[in-house]
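Hi everyone, thanks for coming. Let me walk you through a structure that may be new to you.

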Amino acid sequence: MDIMAMGEYGAYVWSSFTLTLIVLIVCTLQAKHRHEKTVKNLRTRLRAMESEE
Amino acid sequence: MWTYFHKLASPPHFYALSAKLIPWLAALGVILVAYGTFAGLFLAPPDYQQGDAFRIIYVHVPAAYLSMMAYMIMAVSAGIGLIWRMKLAHAVAAGAAPLGAWFTFLALITGSIWGRPMWGTWWEWGDPRLTSELIMLFLYFGYMALRSAIDDTARADRASAVLALVGAVNVPIIHFSVEWWSSLHQGATLVRADGPAIQSAMLYPLLAMIFGFTFLFGALLLQRVRTEVLYRERRARWVRSLLLPAEGSA
């Protein structure tokens with residue numbers, strides 16, 4: 001467990017790496033969610049336009 | 001060659017090509033970051049001055065570098081869009097901003113976490129490196145707020161491009177701040193006239209992290225630009241046939 005303790009700096013090192021992981025995951029989910037939402041909205045809009053024709 | 005560039009910048013072509021590119025960028029990024037994280041945490045020796053706290057640089061340096069890189073991409077694309085009225089360029093600028101904001105946030109927080117044990121303070125008001133990086137976070141926020149305040153996409157593109165270009169003076173200020181003024185922040189380790197001042201067991205994980213973060217950033221940027229392109233081209237025939245394939249099969 002010594003290697004996990006990072007000397008006296010464990011809390012600083014692990015919180016930095018954990019936060020980085022969270023930010024990368026949030027960035028990924030945000031991009032994915034935004035894309036899916038856009039596709040869904042556009043599809044609804046295009047269908048509505050099509051049924052009007 | 002010019003026809004190639006024109007084809008590349010055509011929205012449907014970009015949309016299809018980027019879809020193929022993203023999985024490769026993401027996979028390369030994940031592999032490099034996984035190696036860099038493991039090697040940076042467990043294989044690299046502790047720093048003789050900073051002990052294990054130095055390991056924070058493995059996330060701080062790539063985040064800080066990308067925070068500035070994202071701004072340059074945003075400002076240069078905005079400029080290209082403004083001058084040559086290239087639609088794809090504005091989409092790139094709009095896609096880069098939220099990512100840049102996230103990496104700036106990450107650079108500020110990890111720097112702050114490192115500063116607590118090393119400098120004895122979370123934050124130092126008036127420090128040029130810290131302050132200019134914080135100003136960049138506000139520039140990103142301003143850019144995104146301005147965009148979302150204007151409904152018309154073409155007007156939002158132009159107005160936000162001007163903001164991005166004016167704010168670009170801040171990027172060299174961040175970069176050179178540690179040389180121009182006295183700062184708590186240490187000087188450059190990698191990009192130096194006399195070569196990197198770091199031993200290879202520490203350097204390789206850092207390089208892996210920098211390249212890995214860059215690939216992940218590239219994948220995220222492409223994905224965001226794809227979303228922008230799709231929305232901007234919503235009236236185009238290719239979007240219609242992409243989203244509503246021949247009736248019945250959809």
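In chain B, 38% of the 250 residues count as buried, where buried stands for 20 or more other C-beta atoms within 10 Å of a residue's own, with C-beta atoms placed from the backbone. Please keep in mind that this is a predicted model: local features need pLDDT of at least 70, side-chain atom pairs count only at pLDDT 80 or more, and totals for chains, interfaces and linings use all residues. Residues are numbered from 1 along each chain as its sequence is written, while chains are lettered from A and ligands numbered from 1 in the order in which they are written.

So what is chain B built from? It has nine helices and zero strands; helices here are DSSP runs of H or I with at least four residues, strands are E runs of at least two, and both are numbered from the N terminus. The C-alpha atoms of chain B fill a box of roughly 65 × 35 × 35 Å along the principal axes.

Now, how does chain A meet chain B? On chain A, 25 residues are in contact with 31 residues of chain B, contact being C-beta atoms, placed from the backbone, within 7 Å. Helix H2 of chain A, residues 10-52, gives the most to that side, with 21 residues. By class, the side of chain A that touches chain B has 14 nonpolar, seven polar and four charged residues. Nonpolar covers Ala, Val, Leu, Ile, Met, Phe, Trp, Tyr, Cys and Pro, charged covers Asp, Glu, Lys and Arg, and the others, Gly among them, are polar.

Key:
Two residues are in contact if their C-beta atoms, placed from the backbone, lie within 7 Å. A residue is buried if 20 or more other C-beta atoms lie within 10 Å of its own, exposed if 12 or fewer, and partly exposed in between; C-beta atoms are placed from the backbone.
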